[in-house]
Amino acid sequence: MPKTLLELRNRPLLDIVSHGRGGPKGSIRLSAGQLAAIDRTVRRVPEAMVKVLPKDSNNLHSVTRHLNYIGRYGKVELETDDGERIQGKDAGERLLEDWDLDLDKHRRDTSLTSVVGRSPKLVHKIMLSMPPGTPAHGVLEAARNFAREEFALKHRYALVLHTDEPHPHVHLVVKAVSEQGVRLNIRKATLREWRREFARHLREQGIAANATERAVRGETRTHKMDGIYRAALRGDSTHARTRAEAVASELLHGNLRVEPGKSILLATRKEVERGWRATSDILLAQGHPELAAEVRRFVAQMPPPLAENEQIAAQLPQRTREPLVKDRPPAR
């Protein structure tokens, strides 16, 4: 369970360790930026997404394959950190040569650190996206500005916009070792900061965007591996179907099991609600009664915290319109 659930300018607003308390009475003054972030959250402004694709980033063949894939095998231009546009079936190979990744691989493979544990990544594969209906050009411009501020003159990178799925998204490939020889390590805090920055760049493009933790918004959607997530978006995930069949069987026998994470969900929700109520009190004291009332309504309208099998069970009445077929291929 995360310690800080909502941060504004690196300052915790909803902190479950303090049980949502805002400190001594009258000691908290919310800035204009913090008030705007609260307003965006309670209005459920679309959330920016920044995701790191975890697989196949530590060998030249896989990196080349990924670069060729995001370039749609020569059909789409890749934009580099120096403004160059690269296109063609050999775009991936040309980028790797320009970035000297073969030299980086040689140095890595001959170093003592590569003997133990996993091989360090040659690149980081990042995806920045927004929900369907978001202007694609604005997403690209925001991603371009984000990459420039985060990596320019430090890490080589290339990016490309994809619009062949409902949600516009930008693939960003970043060389793991900077021009100064410093390795980029991505942690959870890094991703949180990147989401905030990407959302800020989107807002500068006139696109309403927010970046908050799911728990703060009252969402309990479980994390899925990228392949399963994409298959679910297409509506052909064998994993999702297998899970639905298992839940249907449990319901049929009247024994829907309680998943181990249910108690954590309930405890997290309790602390989130307590934190939002404390936020409402601060807003009232600071002279923002309308926003305080919106916060209260936001909390009251949060859906119940459901474990994954409970979410599936709630959707089964709709699923039963299509028969559950047992002889499906193994889950991905």
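These legends walk through several close-up views of a predicted model.

**View 1. Aromatic rings gather around Phe146.**
Welcome to the aromatic part of the model, which holds six aromatic pairs. In one of them, the rings of Phe146 and Phe151 have centres 6.3 Å apart and planes at 85 degrees, so this pair is edge-to-face. Both of these residues are buried. Phe146 also pairs edge-to-face with Phe198, with 6.5 Å from centre to centre and 65 degrees between the planes. Because Phe146 sits in helix H5 and Phe198 in helix H6 (residues 188-204), this pair ties together parts that are 52 residues apart in sequence. Phe146 has a relative accessible area of 0%, and Phe198 is likewise listed at 0%. Ring pairs join Phe146, Phe151, Tyr157, Trp194 and Phe198 into a cluster.

**View 2. Leu172 is a buried residue of strand S8.**
Look for Leu172 in strand S8, which covers residues 169-175. With a relative accessible area of 1%, under the 20% cut-off, Leu172 counts as buried. Leu159 is 13 residues away in sequence, and the two C-alpha atoms are 4.4 Å apart in space.

**View 3. Arg156 makes polar contacts with two Asp side chains.**
Arg156 is in the loop between helix H5 (136-151) and strand S7 (157-162).

**View 4. Helix H2 has a cap at its N-terminal end.**
Helix H2 spans residues 60-70, and its buried residues are Ser62, Val63, Thr64, His66, Leu67, Asn68 and Ile70. What caps the N-terminal end of this helix? Asn59 does, with a side-chain oxygen 3.3 Å from the backbone nitrogen of His61. After H2 comes Arg72, whose phi is positive, near 50 degrees.

**View 5. A cavity is lined in part by helices H2 and H3.**
Rolling a probe the size of a water molecule over the atoms shows where empty space is left. Here, two cavities of 30 Å³ or more are found. H2 and helix H3 (91-99) each supply at least two residues of its lining. Among the lining residues are Leu67, Asn68, Tyr73, Ile86, Gln87 and Ala91. Which classes make up the lining? There are six nonpolar, six polar and no charged residues.

**View 6. Met302 is a buried loop residue.**
Met302 is in the loop between helix H10 (289-300) and helix H11 (308-319). Its relative accessibility is 9%, so Met302 counts as buried. Met302 and Gly218 are 84 residues apart in sequence, yet their C-alpha atoms are 5.4 Å apart in space. Not counting residues up to four places away in sequence, Met302 touches Arg44, Val216, Arg217, Gly218, Arg269, Val272 and Trp276.

Conventions:
Residues numbered from 1 in each chain as written. Predicted model: local features only at pLDDT ≥ 70, side-chain atom pairs only at ≥ 80, totals over all residues. Heavy atoms only, no water. Helix = DSSP H or I, 4+ residues; strand = E, 2+ residues; numbered from the N terminus. Buried < 20%, exposed > 50% of the residue type's maximum accessible area, 1.4 Å probe, protein only. Contact = heavy atoms within 4.5 Å. Polar contact = N/O pair within 3.5 Å; in protein donor to acceptor, adjacent residues only side chain to side chain. 1 Å grid on protein atoms, 1.4 Å probe; cavity = no way out; pocket = protein on both sides within 12 Å on 5 of 7 lines; lining within 4 Å. Points joined across faces, edges and corners; volume = space filled by probe spheres on them. Nonpolar A, V, L, I, M, F, W, Y, C, P; charged D, E, K, R; others polar. Phe/Tyr/Trp six-rings, centres within 6.5 Å; stacked < 30°, edge-to-face > 60°.
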